[in-house]
Amino acid sequence: MALQSSNYRVCLAASTSAPISIAQKMTTTWIAKGKTYYRYSITVTNKSAKELKDIKLSISKLYGPLWGLTKSGNSYAFPSWMSSLPAGKSLEFVYIHSASAADISVSSYTLA
């Protein structure tokens, strides 16, 4: 397994003052059976002063397994053991596939 330098991509939900930020970072790559695989670590941060509840993330161009979220219809939600994200805190999840970074955005959320 060969580790390459990290690519870091930040996507803000709507604007720089958005209450939720999403950052993707490629953490490692390796070649298996002639195919290159990438592991991405994604951090969702609650930048608001309120508790984040009921988030729905839209993920497209995902061609491999994902860990750390629960599939909910056509979107992804908090893992089953987590019901909310306190103000200023982050949630991390990962996925692996053999393509460039997936497209991740916030579909809906509730602040309480």
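Apart from residues up to four places away in sequence, Thr45 touches Pro19, Ile20, Ser21, Lys89 and Ser90, where a contact means heavy atoms within 4.5 Å. The model is predicted, so local features need pLDDT of at least 70 and side-chain atom pairs count only at pLDDT 80 or more, while totals for chains, interfaces and linings use all residues. Residues are numbered from 1 along each chain as its sequence is written, and side-chain values use heavy atoms, with hydrogens and water left out.

Thr45 lies in strand β3, which covers residues 35–46. With a relative accessibility of 18%, Thr45 counts as buried; buried means under 20% relative accessible area, exposed over 50%, and partly exposed in between, with a 1.4 Å probe and protein chains only. The side chain of Thr45 also makes a polar contact with the side chain of Ser90, at 2.8 Å. A polar contact is a pair of N or O atoms within 3.5 Å; within protein, one must be able to donate a hydrogen and the other to accept it, and residues adjacent in sequence count only if both atoms are side-chain atoms.

The aromatic residues come next. The structure holds 3 aromatic pairs. Rings of Phe, Tyr and Trp (its six-membered ring) pair if their centres lie within 6.5 Å; planes under 30 degrees apart count as stacked, over 60 as edge-to-face and the rest as tilted. Trp30 and Tyr37 form a stacked pair, with 6.0 Å centre to centre and 20° between the planes. Trp30 is partly exposed at 22% relative accessibility, and Tyr37 is partly exposed at 24%. The rings of Tyr38 and Tyr40 have their centres 6.3 Å apart and their planes at 40°, so this pair is tilted. Tyr38 counts as partly exposed at 22% relative accessibility, whereas Tyr40 counts as buried at 7%. Ring pairs join Tyr38, Tyr40 and Tyr95 into a cluster.

The protein chain has 0 helices and 10 strands; helices (H or I, at least four residues) and strands (E, at least two) are DSSP runs, numbered from the N terminus. Of the 112 residues in the protein chain, 36% are buried. Among contacts in the protein chain with a separation of 6 or more, 64% come from residues 24 or more positions apart. The accessible surface of the protein chain comes to about 6,400 Å², and 52% of this belongs to carbon and sulfur atoms. Accessible areas come from the Shrake-Rupley method with a 1.4 Å probe; for residues, only the protein chains shown count as cover.
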